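Biologist: I'd like to learn how to read a model like this one. Please take me through it feature by feature.

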Amino acid sequence: MEQIYRIGIDHGYGNIKSAHYIFESGVIERERASELAGMTVEFEGKFYEIGSTHKEYQMDKVWDEDYYILTLAALAKELKGRGLCNASVILAAGLPIKWLGEQGEAFRKYLLKNKEVTFRCNDTRYHVKIEDVEVYAQGFAAVAADLSRYRGFNIVADIGNGTMNVIFIIDGKPDPSRYYTERFGVECCVIEMRSELTNKVHTVVDDCIVKKVLKDGTEDIGEKYLKAIAECASDYTDKIMRKLREYGYNEELAKLHFLGGGAMLMKHFAKLDQSKVRFIEDIHANAKGYEYLSNQRLLRNIRRG
């Protein structure tokens, strides 16, 4: 029997993450492959430069072809890591939990539109047979394999580049009546900070510097710039915490868990008692979770016969 590989892909606005790889989610169509591009996908006679920027926020991921091309790039990375260029796969993907019911089937069909696809990534030709696409809840997937440790009253906040997904887990079980998707994210923070930073330091601070500070908590730049970025970031994390409190977070009653790229923003700049907060720092957690949920689905199907 032909082996089928289950490959999880987290289609973020800032980065595409698979279980083992990460790259920026930008797609630029070119007339030909560029020697300066780190990664190029050639598909149906067109060339796409991957990862030189990130994708702008869009609520519907099937609006253009970009996420399809980014999916091919992620498949190439995962297959190359396995020493393969021909394979049958089941794609396991995700959407913000609030949008899953409305957009899940459209996203599945979008990723499944070519049952067999041939493309090149850099110098390697790939032929992939896509057996199926499964779409899961972003945020929940990242903790699904570990639900038994979520005893008591838990709030999980998955802060990505464009959205924040909030899930309540009570004694290891998600509460289907309380899940939320909000337009909070790292890129939202950066956009909001631009003019405020300029007013504070009277200089335009490049976004790449700001993002590095938000991720690492520091950077080798002047102290006044670090201070200004930290002040702006702290103000933004206050807004996130206000939103979580509106949903019912009380630090004396609930355990709070942050994941996604924004987890580090909260860790470095939020006013929190960190002894009562857990930070899941694995940026690949959702992609790994999609693969876990896909394998669990397979096991259930086998048991049913």
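Biologist: Where is the place of I302?

Modeller: I302 belongs to helix α8 (residues 285–304). Helices are DSSP runs of H or I with at least four residues, strands are runs of E with at least two, and both are numbered from the N terminus. Keep in mind that this is a predicted model: local features need pLDDT of at least 70, side-chain atom pairs count only at pLDDT 80 or more, and totals for chains, interfaces and linings use all residues. Residues are numbered from 1 along each chain as its sequence is written, and side-chain values use heavy atoms, with hydrogens and water left out.

Biologist: Does I302 count as buried or exposed?

Modeller: Buried is under 20% relative accessible area, exposed is over 50%, and partly exposed lies in between (1.4 Å probe, protein chains only). I302 comes out at 57%, so it counts as exposed.

Biologist: Zooming out, how many helices and strands are in the chain?

Modeller: The chain has eight helices and 14 strands. Its radius of gyration is 20 Å, close to the 19 Å that the globule rule gives for 305 residues, so it is as compact as a globular protein of that length. The radius is taken over C-alpha atoms, and the rule is 2.2 Å times the number of residues to the power 0.38. Of the 305 residues, 51% count as buried.

Biologist: Now the strands. What does strand β7 pair with?

Modeller: Strands of a sheet pair through backbone hydrogen bonds, either parallel or antiparallel. Two strands pair if DSSP finds at least two bridges between them. Strand β1 (residues 4–11) runs parallel to β7, with five bridges, and I4 has S88 as its bridge partner in β7. Strand β9 (residues 124–138) also pairs with β7 in the parallel sense, over eleven bridges; there A87 is partnered by V128. As for cover, ten of the eleven residues of β7 (residues 86–96) are buried.

Biologist: Which strands form a hairpin with two residues between them?

Modeller: That's β5 and β6. Strand β5 (residues 39–43) and strand β6 (residues 46–50) are antiparallel over five bridges, with F43 opposite K46. In the turn, E44 has a positive phi of about 50°. β5 is also joined by two bridges to strand β8 (residues 116–121), again antiparallel, where V41 faces C121.

Biologist: What order do the strands of the open sheet have?

Modeller: The order of this five-stranded sheet is β12-β11-β10-β13-β14, with mixed pairing. β12 (173–182) and β14 (277–279) are the edge strands, each pairing on one side only. Strand β11 (residues 164–170) pairs antiparallel with β12 over six bridges, and M164 stands opposite E182.
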